[in-house]
Amino acid sequence: MQQLNVTPMPLIFSQKRVVLSFSPKSACSHAIIWFLLKENLLPAANYFSHWPHDFRNKVYYNSQVYKQRKQAFAKADPSNWTLLKVTRDPAKRLISQFRHCVRYNVIDTQIQNRAGISMSKDGLSFNDFVKVLKKIPRERPSTSDPHVCAQFQPVWTLPFGRVITINVDDCEVNDVLNLVEKELDMSVTDFETQGTFARIKKIHYAKKEPVVVDAPAEGWGNFKLTRQAIKDDEYFPKKELLPYAQKVAAKLFPNDSTQTACSDSEGTIFPRP
């Protein structure tokens, strides 16, 4: 079943008929830590690396348990399974995608080839980032880095019996995960006692503290951010960039705009879509 092989490959619970679908820059680390906790794999993941994605990519996907669960799902009737999607507001995710591409060498080559911009010398503005995105493949499966691809994934097209979508920008994600746990007969997580969530949030997320910053003369959309500034943890203008992102997100990722809102096909946790 090719839908299960598209990067990032979904996670499959070992004792439940549940598939967890996530995307980079959509609270993916939070979702993965939660999954590892439910599967009793979090201590092993923390021992293996401080970064949960290392364990996911290098250990979990190569495990016999995962391979067996993929085979089991491929042979099964999806109508007997639940798809759990963790998503974000496309505009807010677009800002996170921009920050990630400034912070890390993710699409430096495409930025150089498509816009003639050197990340090591010039920095990158949000408007230039959007121009580059328009010129590269964004729908999965794609040859582009998954951090700049759409949230929509081929596995979403399968006829699951139940689909629960958790948009982390529109709900208290931990509260909803607790509801999911109860609904799917899982143990209920006390997130306050699980330090891994707080540790990842501290080192990976942009600052939320209010900072008074004068608007640049060229406007926030044309303001160039440098990799060094992001690494030095200077203020990142996500609030100021939101109006720019809201104008283009739906055009860049049309499927995301219609399939990422909070919903539950059974209408229990959220209203039906």
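How many of the eight residues of α7 are buried? Six of them are, which leaves this helix mostly covered.

## Basis of the description

This is a predicted model, in which local features need pLDDT of at least 70 and side-chain atom pairs count only at pLDDT 80 or more, while totals for chains, interfaces and linings use all residues. Residues are numbered from 1 along each chain as its sequence is written, and side-chain values use heavy atoms, with hydrogens and water left out.

Helices (H or I, at least four residues) and strands (E, at least two) are DSSP runs, numbered from the N terminus. A residue is called buried under 20% relative accessible area, exposed over 50% and partly exposed in between, for a 1.4 Å probe and protein chains only.

## Helix α7 and its partners

The buried residues of α7, which spans residues 126–133, are F126, D128, F129, V130, V132 and L133. What covers them includes α5, α6 (108–115) and α11 (238–252), where contact means heavy atoms within 4.5 Å.

Helix α5 (residues 90–103) packs against α7 at an angle of about 95 degrees, with the axes 11 Å apart; axes are lines fitted to C-alpha atoms, for helices over the stretch in contact, and angles run from 0 to 180 degrees between N-to-C directions. The two helices are therefore roughly perpendicular to each other, on a scale where angles under 35 degrees count as roughly parallel, over 145 as roughly antiparallel, 65 to 115 as roughly perpendicular and the rest as oblique. On the α5 side L94, Q97, F98 and C101 take part, and they meet F126, F129 and L133 of α7. The residues of this contact divide into six nonpolar, one polar and no charged, with Ala, Val, Leu, Ile, Met, Phe, Trp, Tyr, Cys and Pro counted as nonpolar, Asp, Glu, Lys and Arg as charged, and the others, Gly among them, as polar.

## The five-stranded sheet

Five strands form an open sheet of mixed pairing, in the order β1-β2-β3-β4-β5; two strands pair if DSSP finds at least two bridges between them. The edge strands, each pairing on one side only, are β1 and β5 (263–264).

Strand β1 (residues 11–12) runs antiparallel to β2, to which two bridges join it, and a hairpin of five residues leads from β1 to β2. Here L11 stands opposite L20, and I12 has V19 as its bridge partner.

Strand β4 (residues 162–167) is mostly covered, five of its six residues being buried. With β5 it pairs in the antiparallel sense over two bridges, and I164 stands opposite D264 there.

## Two nonpolar cores

A nonpolar core is a set of buried Ala, Val, Leu, Ile, Met, Phe, Trp, Tyr and Cys residues joined through side-chain atoms within 4.5 Å. The largest one has 48 residues, and W34 and I166 have the most contacts inside it. Helix α1 (residues 28–38) gives the most to this core, with eight residues. A second, separate core of 30 residues includes I95, V130, F236 and F253.

Leaving out residues up to four places away in sequence, I166 touches L84, K85, V86, T87, C171, V173, V176, L177, V180 and C262.

## Local details

R56, in helix α3 (residues 52–60), counts as buried because its relative accessibility is 9%. Apart from neighbours within four places in sequence, R56 is in contact with P8, L11, F22, I32 and Y61. Of these, I32 is 24 residues from R56 in sequence and 8.1 Å from it in space, C-alpha to C-alpha.

P8 lies in the segment before β1, and the peptide bond that joins T7 to P8 is cis, with omega about -5 degrees. Another cis peptide bond, with omega near -5 degrees, runs from R140 to P141, in the loop between α7 and β4 where P141 lies.

Positive phi values occur at K25, near 70 degrees, and at D185, about 60 degrees, neither being a glycine.
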